[in-house]
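Me: Please take a close look at the aromatic pairs in this model. Which rings pair, and how are they placed?

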Amino acid sequence: MTWARGMPVAPKIPTPADDLRRPAPPGRETPPRFGGVDFDSLPDLIPDDTAYYRRISADTFLPTLNTQGAWNAHEQHMAPVSGLLAHALTTHEPRPELALARITYEILGLIPAIPTTIEVRTIRPGRTIELIEATASTGGRPVVRATAWRLSRQDTTEVAGGEPSPLPSPDDCVPWRPSEIWPGGYIASIELRHTPDKQPGTGRAWIRTDKAVVADEEVAPIAAYLGLVDTANGMNVRVDPSEWLFPNIDLTVHLHRDPLGGPGHWVGFDTQVTFGREGVGLTSTTLHDEGGAVGRAEQILTLRAGR
(Lines give C-alpha, C1' and ligand atoms only; values in the text may rest on other atoms or scores of the structure.)
Protein backbone atom coordinates (compact mmCIF):
# COMPACT_ATOMS: atom_id res chain seq x y z
CA MET A 1 0.00 0.00 0.00
CA THR A 2 1.34 3.42 -0.91
CA TRP A 3 0.21 6.92 -0.08
CA ALA A 4 0.47 10.03 -2.24
CA ARG A 5 -0.14 13.60 -1.15
CA GLY A 6 -1.55 12.32 2.11
CA MET A 7 -4.16 10.12 0.44
CA PRO A 8 -4.14 6.31 -0.04
CA VAL A 9 -3.79 4.58 -3.37
CA ALA A 10 -7.02 2.64 -3.66
CA PRO A 11 -6.98 -1.11 -3.03
CA LYS A 12 -9.53 -3.60 -4.30
CA ILE A 13 -12.13 -3.71 -1.52
CA PRO A 14 -15.23 -5.84 -0.94
CA THR A 15 -18.65 -4.58 -1.95
CA PRO A 16 -22.05 -5.42 -0.43
CA ALA A 17 -22.14 -8.39 -2.81
CA ASP A 18 -18.67 -9.63 -1.87
CA ASP A 19 -20.05 -12.84 -0.36
CA LEU A 20 -21.48 -13.76 -3.77
CA ARG A 21 -18.06 -14.14 -5.36
CA ARG A 22 -17.10 -17.68 -6.33
CA PRO A 23 -14.10 -19.24 -4.55
CA ALA A 24 -10.85 -18.52 -6.38
CA PRO A 25 -8.75 -21.42 -7.67
CA PRO A 26 -5.29 -21.60 -6.06
CA GLY A 27 -2.94 -19.01 -7.49
CA ARG A 28 -5.41 -16.64 -9.08
CA GLU A 29 -8.39 -14.46 -8.20
CA THR A 30 -11.79 -15.19 -9.70
CA PRO A 31 -13.27 -12.19 -11.58
CA PRO A 32 -16.12 -10.60 -9.59
CA ARG A 33 -19.55 -12.04 -10.36
CA PHE A 34 -23.03 -10.90 -9.37
CA GLY A 35 -26.28 -12.28 -10.66
CA GLY A 36 -24.38 -14.52 -13.08
CA VAL A 37 -22.42 -11.60 -14.54
CA ASP A 38 -18.68 -12.07 -15.07
CA PHE A 39 -17.58 -8.43 -14.82
CA ASP A 40 -14.27 -8.92 -16.57
CA SER A 41 -16.05 -10.29 -19.64
CA LEU A 42 -18.18 -7.17 -20.11
CA PRO A 43 -17.47 -4.78 -23.01
CA ASP A 44 -15.43 -1.67 -22.34
CA LEU A 45 -17.30 1.54 -21.58
CA ILE A 46 -17.42 4.18 -24.31
CA PRO A 47 -15.78 7.59 -23.63
CA ASP A 48 -18.14 10.56 -23.62
CA ASP A 49 -17.19 14.24 -23.28
CA THR A 50 -20.57 15.44 -22.05
CA ALA A 51 -22.59 12.99 -19.94
CA TYR A 52 -22.72 10.02 -17.59
CA TYR A 53 -25.55 8.30 -19.46
CA ARG A 54 -27.29 8.22 -22.82
CA ARG A 55 -30.92 7.20 -23.11
CA ILE A 56 -31.38 4.23 -25.45
CA SER A 57 -35.10 3.57 -24.81
CA ALA A 58 -37.97 4.94 -22.77
CA ASP A 59 -36.65 3.41 -19.55
CA THR A 60 -33.09 2.22 -20.31
CA PHE A 61 -29.80 4.13 -20.21
CA LEU A 62 -26.34 3.32 -21.52
CA PRO A 63 -23.57 4.14 -19.01
CA THR A 64 -20.55 5.93 -20.44
CA LEU A 65 -16.94 5.76 -19.28
CA ASN A 66 -17.74 8.62 -16.87
CA THR A 67 -19.72 6.17 -14.68
CA GLN A 68 -16.83 3.74 -14.23
CA GLY A 69 -16.14 2.70 -10.65
CA ALA A 70 -12.81 2.64 -8.85
CA TRP A 71 -12.78 -1.07 -7.99
CA ASN A 72 -13.50 -2.72 -11.36
CA ALA A 73 -13.27 -1.37 -14.90
CA HIS A 74 -16.71 -2.82 -15.73
CA GLU A 75 -18.60 -1.62 -12.66
CA GLN A 76 -20.63 1.59 -12.29
CA HIS A 77 -19.80 3.98 -9.44
CA MET A 78 -22.75 4.54 -7.11
CA ALA A 79 -22.66 8.34 -7.49
CA PRO A 80 -23.84 8.62 -11.12
CA VAL A 81 -26.41 5.86 -10.53
CA SER A 82 -27.75 8.04 -7.69
CA GLY A 83 -28.14 10.94 -10.10
CA LEU A 84 -29.89 8.77 -12.68
CA LEU A 85 -32.39 7.49 -10.11
CA ALA A 86 -32.98 11.04 -8.83
CA HIS A 87 -33.61 12.15 -12.42
CA ALA A 88 -36.22 9.41 -12.78
CA LEU A 89 -37.89 10.40 -9.51
CA THR A 90 -38.04 14.13 -10.33
CA THR A 91 -39.62 13.43 -13.73
CA HIS A 92 -42.16 10.93 -12.36
CA GLU A 93 -45.60 12.56 -12.17
CA PRO A 94 -44.04 15.96 -11.35
CA ARG A 95 -45.45 17.77 -8.31
CA PRO A 96 -43.88 21.27 -8.20
CA GLU A 97 -45.91 22.05 -5.07
CA LEU A 98 -44.03 19.27 -3.23
CA ALA A 99 -40.34 19.31 -2.26
CA LEU A 100 -38.13 16.23 -2.54
CA ALA A 101 -37.06 16.27 1.12
CA ARG A 102 -35.57 12.84 1.75
CA ILE A 103 -34.11 10.15 -0.49
CA THR A 104 -32.66 6.80 0.59
CA TYR A 105 -30.63 4.59 -1.71
CA GLU A 106 -30.21 0.88 -0.88
CA ILE A 107 -27.21 -0.63 -2.68
CA LEU A 108 -28.22 -4.22 -3.45
CA GLY A 109 -24.91 -5.41 -4.89
CA LEU A 110 -22.32 -4.77 -7.56
CA ILE A 111 -23.55 -2.51 -10.38
CA PRO A 112 -22.50 -3.88 -13.79
CA ALA A 113 -21.56 -1.25 -16.36
CA ILE A 114 -24.17 -2.36 -18.88
CA PRO A 115 -27.50 -0.86 -20.01
CA THR A 116 -29.44 0.13 -16.91
CA THR A 117 -33.24 0.05 -16.70
CA ILE A 118 -35.15 2.34 -14.33
CA GLU A 119 -38.64 1.60 -13.01
CA VAL A 120 -40.55 4.25 -11.05
CA ARG A 121 -43.78 4.01 -9.05
CA THR A 122 -45.77 5.91 -6.47
CA ILE A 123 -45.95 3.96 -3.22
CA ARG A 124 -48.00 6.35 -1.11
CA PRO A 125 -49.89 9.06 -3.00
CA GLY A 126 -51.09 12.12 -1.15
CA ARG A 127 -52.07 15.75 -1.47
CA THR A 128 -49.32 17.11 0.81
CA ILE A 129 -47.08 14.07 1.49
CA GLU A 130 -46.09 11.48 -1.09
CA LEU A 131 -43.68 8.51 -1.21
CA ILE A 132 -42.19 7.42 -4.55
CA GLU A 133 -39.70 4.73 -5.51
CA ALA A 134 -37.22 4.13 -8.36
CA THR A 135 -35.28 0.92 -8.96
CA ALA A 136 -32.23 0.49 -11.18
CA SER A 137 -31.76 -2.96 -12.74
CA THR A 138 -29.09 -4.50 -14.95
CA GLY A 139 -29.52 -7.81 -16.73
CA GLY A 140 -32.98 -8.14 -15.17
CA ARG A 141 -31.64 -7.90 -11.58
CA PRO A 142 -32.24 -4.92 -9.23
CA VAL A 143 -28.96 -3.28 -8.17
CA VAL A 144 -30.04 -0.04 -6.43
CA ARG A 145 -33.40 0.96 -4.98
CA ALA A 146 -34.29 4.55 -4.06
CA THR A 147 -37.29 5.81 -2.10
CA ALA A 148 -38.09 9.51 -1.76
CA TRP A 149 -40.50 11.54 0.33
CA ARG A 150 -42.09 14.58 -1.26
CA LEU A 151 -43.40 17.14 1.26
CA SER A 152 -45.68 20.14 0.83
CA ARG A 153 -43.94 23.46 0.17
CA GLN A 154 -45.05 26.18 2.61
CA ASP A 155 -43.92 29.73 3.36
CA THR A 156 -42.04 29.28 6.64
CA THR A 157 -39.79 32.34 6.34
CA GLU A 158 -41.00 33.61 9.71
CA VAL A 159 -39.46 30.68 11.61
CA ALA A 160 -36.55 29.72 9.31
CA GLY A 161 -33.15 29.32 10.96
CA GLY A 162 -30.65 26.92 12.49
CA GLU A 163 -28.48 26.40 9.42
CA PRO A 164 -24.83 25.39 9.96
CA SER A 165 -22.10 27.89 9.13
CA PRO A 166 -21.13 28.05 5.46
CA LEU A 167 -18.01 26.35 4.13
CA PRO A 168 -14.98 28.34 3.01
CA SER A 169 -15.26 29.31 -0.64
CA PRO A 170 -13.88 26.85 -3.21
CA ASP A 171 -11.49 29.65 -4.18
CA ASP A 172 -9.98 29.44 -0.67
CA CYS A 173 -9.50 25.67 -0.83
CA VAL A 174 -6.65 23.51 -2.09
CA PRO A 175 -7.07 21.85 -5.50
CA TRP A 176 -6.56 18.11 -5.56
CA ARG A 177 -6.72 15.77 -8.57
CA PRO A 178 -8.33 12.59 -7.21
CA SER A 179 -7.69 10.81 -10.53
CA GLU A 180 -3.97 10.86 -9.70
CA ILE A 181 -4.72 8.37 -6.92
CA TRP A 182 -8.16 6.77 -7.38
CA PRO A 183 -8.80 4.91 -10.65
CA GLY A 184 -11.96 4.92 -12.71
CA GLY A 185 -13.83 7.14 -15.12
CA TYR A 186 -16.14 8.63 -12.50
CA ILE A 187 -13.27 9.89 -10.34
CA ALA A 188 -11.62 11.29 -13.47
CA SER A 189 -14.83 13.22 -14.24
CA ILE A 190 -14.86 15.32 -11.05
CA GLU A 191 -12.89 18.31 -9.78
CA LEU A 192 -12.14 18.40 -6.05
CA ARG A 193 -10.85 21.01 -3.61
CA HIS A 194 -10.40 20.62 0.16
CA THR A 195 -9.66 22.93 3.06
CA PRO A 196 -6.07 22.99 4.43
CA ASP A 197 -7.25 21.72 7.85
CA LYS A 198 -8.20 18.29 6.49
CA GLN A 199 -7.48 15.43 8.95
CA PRO A 200 -8.01 11.63 8.80
CA GLY A 201 -11.73 10.99 9.23
CA THR A 202 -12.80 14.61 9.05
CA GLY A 203 -12.62 17.35 6.48
CA ARG A 204 -14.37 19.91 4.32
CA ALA A 205 -14.32 19.73 0.55
CA TRP A 206 -16.00 20.87 -2.65
CA ILE A 207 -16.53 18.77 -5.79
CA ARG A 208 -18.06 19.52 -9.17
CA THR A 209 -18.29 18.09 -12.67
CA ASP A 210 -18.85 19.43 -16.17
CA LYS A 211 -20.84 16.32 -17.14
CA ALA A 212 -24.62 16.08 -17.44
CA VAL A 213 -26.47 13.19 -15.81
CA VAL A 214 -28.13 12.24 -19.11
CA ALA A 215 -27.03 13.53 -22.50
CA ASP A 216 -29.35 15.95 -24.29
CA GLU A 217 -31.94 15.99 -21.50
CA GLU A 218 -33.01 18.65 -19.03
CA VAL A 219 -32.12 17.38 -15.56
CA ALA A 220 -33.44 19.05 -12.42
CA PRO A 221 -30.70 20.77 -10.37
CA ILE A 222 -31.54 18.61 -7.35
CA ALA A 223 -31.02 15.41 -9.38
CA ALA A 224 -27.66 16.60 -10.69
CA TYR A 225 -26.64 17.58 -7.14
CA LEU A 226 -27.58 14.17 -5.75
CA GLY A 227 -25.47 12.54 -8.46
CA LEU A 228 -22.29 13.65 -6.62
CA VAL A 229 -23.20 13.08 -2.96
CA ASP A 230 -22.11 9.43 -2.67
CA THR A 231 -18.52 10.63 -3.18
CA ALA A 232 -18.48 11.76 0.47
CA ASN A 233 -17.43 8.30 1.69
CA GLY A 234 -13.78 7.93 0.76
CA MET A 235 -12.83 11.59 0.56
CA ASN A 236 -11.85 11.77 4.28
CA VAL A 237 -10.73 8.27 5.23
CA ARG A 238 -9.91 7.52 8.88
CA VAL A 239 -7.46 4.70 8.21
CA ASP A 240 -5.34 3.11 5.51
CA PRO A 241 -7.86 1.15 3.37
CA SER A 242 -5.37 -1.72 2.95
CA GLU A 243 -5.69 -2.34 6.70
CA TRP A 244 -9.41 -1.65 7.20
CA LEU A 245 -12.24 -1.88 4.68
CA PHE A 246 -15.31 0.37 4.97
CA PRO A 247 -17.67 0.27 1.94
CA ASN A 248 -21.05 1.97 2.36
CA ILE A 249 -24.16 -0.09 1.65
CA ASP A 250 -26.63 2.78 1.58
CA LEU A 251 -26.97 6.55 1.26
CA THR A 252 -29.66 8.69 2.86
CA VAL A 253 -29.98 12.41 2.11
CA HIS A 254 -32.23 14.86 3.99
CA LEU A 255 -32.72 18.29 2.42
CA HIS A 256 -34.29 21.38 4.00
CA ARG A 257 -34.18 23.27 0.69
CA ASP A 258 -33.57 22.56 -2.98
CA PRO A 259 -29.84 22.70 -3.75
CA LEU A 260 -28.24 24.25 -6.79
CA GLY A 261 -26.78 21.58 -9.06
CA GLY A 262 -25.72 20.72 -12.55
CA PRO A 263 -22.55 20.99 -14.64
CA GLY A 264 -20.18 23.55 -13.11
CA HIS A 265 -21.99 23.86 -9.77
CA TRP A 266 -20.11 22.99 -6.58
CA VAL A 267 -21.30 20.40 -4.04
CA GLY A 268 -19.88 20.99 -0.56
CA PHE A 269 -19.07 18.33 2.08
CA ASP A 270 -18.36 18.83 5.79
CA THR A 271 -17.70 15.21 6.72
CA GLN A 272 -17.09 13.21 9.88
CA VAL A 273 -16.30 9.48 9.73
CA THR A 274 -17.06 7.39 12.84
CA PHE A 275 -15.98 3.78 13.41
CA GLY A 276 -17.82 1.78 16.09
CA ARG A 277 -16.54 -1.17 18.14
CA GLU A 278 -18.64 -3.89 16.50
CA GLY A 279 -17.92 -3.69 12.77
CA VAL A 280 -20.16 -0.77 11.82
CA GLY A 281 -19.13 2.73 10.77
CA LEU A 282 -20.90 5.90 9.71
CA THR A 283 -19.96 8.67 7.30
CA SER A 284 -21.95 11.79 8.26
CA THR A 285 -21.89 14.86 6.05
CA THR A 286 -23.43 18.31 6.20
CA LEU A 287 -24.20 19.17 2.59
CA HIS A 288 -23.72 22.61 1.04
CA ASP A 289 -24.09 24.42 -2.25
CA GLU A 290 -22.74 27.84 -3.17
CA GLY A 291 -25.53 29.43 -1.12
CA GLY A 292 -24.89 27.58 2.14
CA ALA A 293 -26.04 24.42 3.90
CA VAL A 294 -28.83 22.41 2.26
CA GLY A 295 -29.11 19.26 4.39
CA ARG A 296 -27.30 16.13 5.55
CA ALA A 297 -26.15 12.79 4.17
CA GLU A 298 -25.56 9.56 6.09
CA GLN A 299 -23.80 6.43 4.81
CA ILE A 300 -23.67 3.27 6.91
CA LEU A 301 -20.41 1.34 6.54
CA THR A 302 -19.51 -2.31 6.96
CA LEU A 303 -16.17 -2.15 8.74
CA ARG A 304 -13.81 -5.11 8.34
CA ALA A 305 -10.15 -5.84 8.93
CA GLY A 306 -8.17 -5.99 5.68
CA ARG A 307 -7.13 -9.33 4.27
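Reply: A residue counts as buried when its relative accessible area is under 20%, as exposed when over 50%, and as partly exposed in between. The model is a predicted one. Phe246 has a relative accessibility of 9%, so Phe246 counts as buried.

Now the pairs. The structure holds 2 aromatic pairs. One joins Tyr52 and Tyr186: the ring centres are 6.1 Å apart and the planes meet at 40 degrees, so this pair is tilted. Planes under 30 degrees apart would count as stacked, and over 60 as edge-to-face. Tyr52 belongs to strand 5, while Tyr186 belongs to helix 2 (residues 185-188), so the contact ties together parts 134 residues apart in sequence. Tyr52 is buried, at 5% relative accessibility. Tyr186 is buried too, at 0%.

Phe246 and Phe275 also form an aromatic pair. Their centres lie 5.9 Å apart, the angle between the planes is 40 degrees, and the pair is tilted. Phe246 sits in the loop between strand 15 (244-245) and strand 16 (250-255). Phe275 is in strand 17 (residues 267-275).

Phe246 is buried at 9%, whereas Phe275 is partly exposed, with a relative accessible area of 22%. Phe275 has a further neighbour: Arg238 lies over the face of its ring, 5.8 Å from the ring centre.

Note on methods
Residues numbered from 1 in each chain as written. Predicted model: local features only at pLDDT ≥ 70, side-chain atom pairs only at ≥ 80, totals over all residues. Heavy atoms only, no water. Phe/Tyr/Trp six-rings, centres within 6.5 Å; stacked < 30°, edge-to-face > 60°. Helix = DSSP H or I, 4+ residues; strand = E, 2+ residues; numbered from the N terminus. Buried < 20%, exposed > 50% of the residue type's maximum accessible area, 1.4 Å probe, protein only. Lys NZ or Arg CZ within 6 Å of the ring centre and 35° of its normal.
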